[in-house]
Amino acid sequence: MSITQNLTTSISSSSSAFLAPPTFNPRSQVSLPVNVKSVNICKCVATPQEAETAYKTKVSRNANMGKLQAGYLFPEVARRRNVHLLKYPDAKVISLGIGDTTEPIPEVITSAMAKRSQALSTLEGYSGYGAEQGEKPLRSAIASTFYGDLGIEEDDIFVSDGAKCDISRLQIVFGSDVKMAVQDPSYPAYVDSSVIMGQTGSFQKDVEKFANIEYMRCNPENGFFPDLSSISRPDIIFFCSPNNPTGAAATREQLTQLVQYAKDNGSIIIYDSAYAMYISGDNPHSIFEIPGAKEVAIETSSYSKYAGFTGVRLGWTVVPKQLLFSDGFPVAKDFNRIVCTCFNGASNISQAGGLACLSPEGLKAMRDVIGFYKENTSIIVDTFDSLGFKVYGGKSAPYVWVHFPGQSSWDVFSEILEKTHVVTTPGSGFGPGGEGFIRVSAFGHRENILEACRRFKQLYK
Amino acid sequence: MHKMYNTSVCSSMFSPNALQSIMLVTRQQQYWIMSSCTLKNQRLRIGHRTKVPRNVNMEKLQHGYLFPEIQRHQLMHLEKYPHANVIDLGIGDTTEPLSTIVTSSMVDFVHGLSTEKGYKGYGPEQGEKALRKEIADTIYKDLGIKPSEVFVSDGAQCDISRLQLLMGPNLKIFVPDPSFPAYIDSSVIIGQAGEFVYETGKYKNIEYMTCGPQTNFFPDLHTASRADIIFFCSPNNPTGHAATRKQLEQLVDFAKENGSIIIFDSAYSAYITDDSPKSIFEISGAREVAIEVSSFSKFAGFTGVRLGWTVVPEELSYSNGFPVVHDFNRIMCTCFNGASNIAQAGGLACLSPEGLKAVQSHVDNYMDNARILVDALTSVGLKVYGGKNAPYAWVHFPGSNSWDVFAEILEKTHMITVPGSGFGPGGEEYIRISAFGQRDSIIEASERFQCLV
């Protein structure tokens, strides 16, 4: 077994392509996840046989957790990067894997956060608990900036610590008795949170899918928009546009179709618009641009990729008043209850930053940084184009979706890592529909992007 | 303020017909009906209905979460008395500004985010290494907690729900009664609890263990039936009682005998003034049966900044031997994305020697407030508990309905408190008074208590 595979057999770090052994013996191999995003690795500590008699509680493990096949995708990518670094300590590894922003936050935004932090040490400026739904001025600014003429009001906006967290909170609202549909490939948190919530059946190894989730294939052949006539009715449809990982931005016609489908079938769309500001062209930025969407959709978004707030933590979710459960009860009321009970508001300092982002100066500063990442994306697209690859995305999202026909994406990932010291993300990590593709993210300092592209040219010339 | 409820609809509840139908329920239940009445009216909304069924667990919840409910009453009171000088002794919200030791480190960190060298993107979901280590070394000094067992979060209330998500719907919880409402509410939401029973004020399939003066604010474990998860908060919100070493040893033994997991909430441990244990891990054997949740909120005034942590020891395992820490890590990586890095920078500063001194001085200040309140309440002849190891006074009004007392205090003295029954049926007859206000408000409050008798 290679070094990689040795380390892969521990429970928390088996990859989505390498399935966990059917009968694990947790006492013979215990791996403690140690800060995988730093240079340290996951330590696998084999404990001796007498640990077999160690005390166990009588609390049953949550069967839903047992259904999950492996660790969450991105910590797994990070783990492999760290293993690689151990193997090649002098290699200049370039990370185009996890979509992590790299450029400093514009000063107009950080100065507002500095001001708020400072104010917390004064009597006039100190604030304790804020409204769980977010500070009023921020909710108002989000409503007017992003949903100006769309009839979305301030109190439809719920500020959060990020879209990933909101996705789980939405799952808690809906509970275990609903069925999801996801694009395939898609951002892993949709499927994983659905499993954790108990909405799914077991993982079916032959098709690499969880039972009771409707996977809607999105590929070049269907223009990355699913054939809605081929799916059986789901309660909830996750839809991300511009898409992570494919980069596809849905057209107005496509979204109109989606809204109509949801209306006809009584489904709820959870629309992830985290990359909307990356759109080139006239694709809708918000689902609420489509008439009728307020009665069928929730929209979630984030400051992460707009303002470099990946570490600062800020996002929002829109739940229109018009969105009702089958008994007529407003979904927003239950979401509000969850926000008040399972959450306690986003950090007030982050919110101050978020407000500054939406000032005219802040918006311009964000657009500049987004423009910079879009230039990175073009460079990567051009590189793979010139090498003769079929390349998708890259126009309206900071992701390039490169086709490697007939190959296992984890194999391609490993080869690229081994031969060029560049980390990417294997498409199958986003679902079986991602097999045969690699996602290259365009977040990086310009010199690293250029260097990575040089290395790709070297490898694939 | 968020306008989630239409107050004019509530006042229409007191029309003759409405009164007739609610006369058969207790006054306590009337408060619940009043708060949920606008929700029922919302059901009449016209328009497209999806075919997505409402989550039955959400339906089980009886009323809004307690603390927004209190705020709603405050709003209604202000509408009635727009010029009243309302003193808030209700929601336990900190009021002392943060020390500059803490804020300057956050300011420096923030400025760093605008530089190439200082910019940070995604942090580890489990928290920054340095902070995890500092929590392990400082808070759990000599208790053998490893940094890898510490998971930094955006607060205890959020962690409680993540722990429930982790544990899943098929377990049964045990809560002391009264207790912090998030334990019960999250249990209902996740699907562990059965229906609410009006007569008892309790949800089915939750073990409520009364904690009152008669039992020295500790559950009578001899009469308790087994639950999978035992929530325990010490020092306690709302009663203010800090469990003794002996009591906690009993609790750990009880957990061991029953194969249960304790979720120990130590959010107020910094307020302990005697030698009561500050962590469950001071008790031998606790590593195999307990998780500890804590927070910078009340410890460091971070109620708005948002920072906390949860300790899951390596040894803690499910019945099949699987380590709980693995699954908790998975939840943190999938349902969360780390606490704000700015808040974490502030947290680290709090744990420096100077930071700890500054933080402790605020804690001492709040405890001085508590003493003032306890003295004032005692001087008017009330029986007062707590206030010694926690910033809460737990005041007994024998034979009373706590919402009635809440309303009377609000009406007569323009002071917000929290009715004990909001924390569970074991809180009936009690009022929780919190000591987080500014000193002049606290002194004013202690004078207004004279009006109560």
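Modeller: Two residues are in contact here when heavy atoms of theirs lie within 4.5 Å. This is a predicted model. In chain A, residues 24 or more positions apart account for 72% of the contacts with a separation of 6 or more.

Colleague: What makes up the secondary structure of chain A?

Modeller: Chain A has 14 helices and 17 strands. Buried residues are 64% of its 461 residues.

Colleague: Arg313 of chain A: buried or exposed, and how do you know?

Modeller: Buried means under 20% relative accessible area. Arg313(A) has 3% relative accessibility, so it counts as buried. Its place is the loop between α9 (304-307) and β12 (315-318) of chain A.

Colleague: Why is helix α13 (residues 341-350) of chain B called largely enclosed?

Modeller: Nine of its ten residues are buried, so the rest of the structure largely encloses α13(B). Among the buried ones are Ile342(B), Ala345(B) and Cys350(B).

Colleague: At what angle do helices α13 and α14 of chain A pack, and what is that arrangement called?

Modeller: The angle is about 105°, and the axes are 10 Å apart. Angles of 65 to 115 degrees count as roughly perpendicular. Therefore α13(A) and α14(A) are roughly perpendicular to each other. In this contact, α13(A) contributes Val412(A), Ile416(A), Lys419(A) and Thr420(A). From α14(A) come Arg455(A), Phe456(A), Leu459(A) and Tyr460(A). These residues divide into five nonpolar, one polar and two charged.

Colleague: What makes β11 and β14 of chain B edge strands?

Modeller: The open sheet has four strands in the order β11-β12-β15-β14 (chain B), with antiparallel pairing. β11 (383-386) and β14 (418-419) of chain B each have a single partner strand, so one side of each lacks a neighbour in the sheet.

Colleague: How do you know that β12 and β15 of chain B pair?

Modeller: Pairing needs at least two bridges. Five bridges join β12 (residues 392-396) to β15 (residues 430-434) of chain B, so the two strands pair. They run antiparallel. Trp394(B) stands opposite Arg432(B) in β15(B). Helix α14 (residues 353-379) of chain B packs on the sheet, touching β11, β12 and β15 of chain B.

Key:
Residues numbered from 1 in each chain as written. Chains lettered and ligands numbered in written order. Predicted model: local features only at pLDDT ≥ 70, side-chain atom pairs only at ≥ 80, totals over all residues. Heavy atoms only, no water. Axes fitted to C-alpha atoms, helices over the stretch in contact; angles between N-to-C directions. Parallel < 35°, antiparallel > 145°, perpendicular 65-115°, else oblique. Nonpolar A, V, L, I, M, F, W, Y, C, P; charged D, E, K, R; others polar. Buried < 20%, exposed > 50% of the residue type's maximum accessible area, 1.4 Å probe, protein only.
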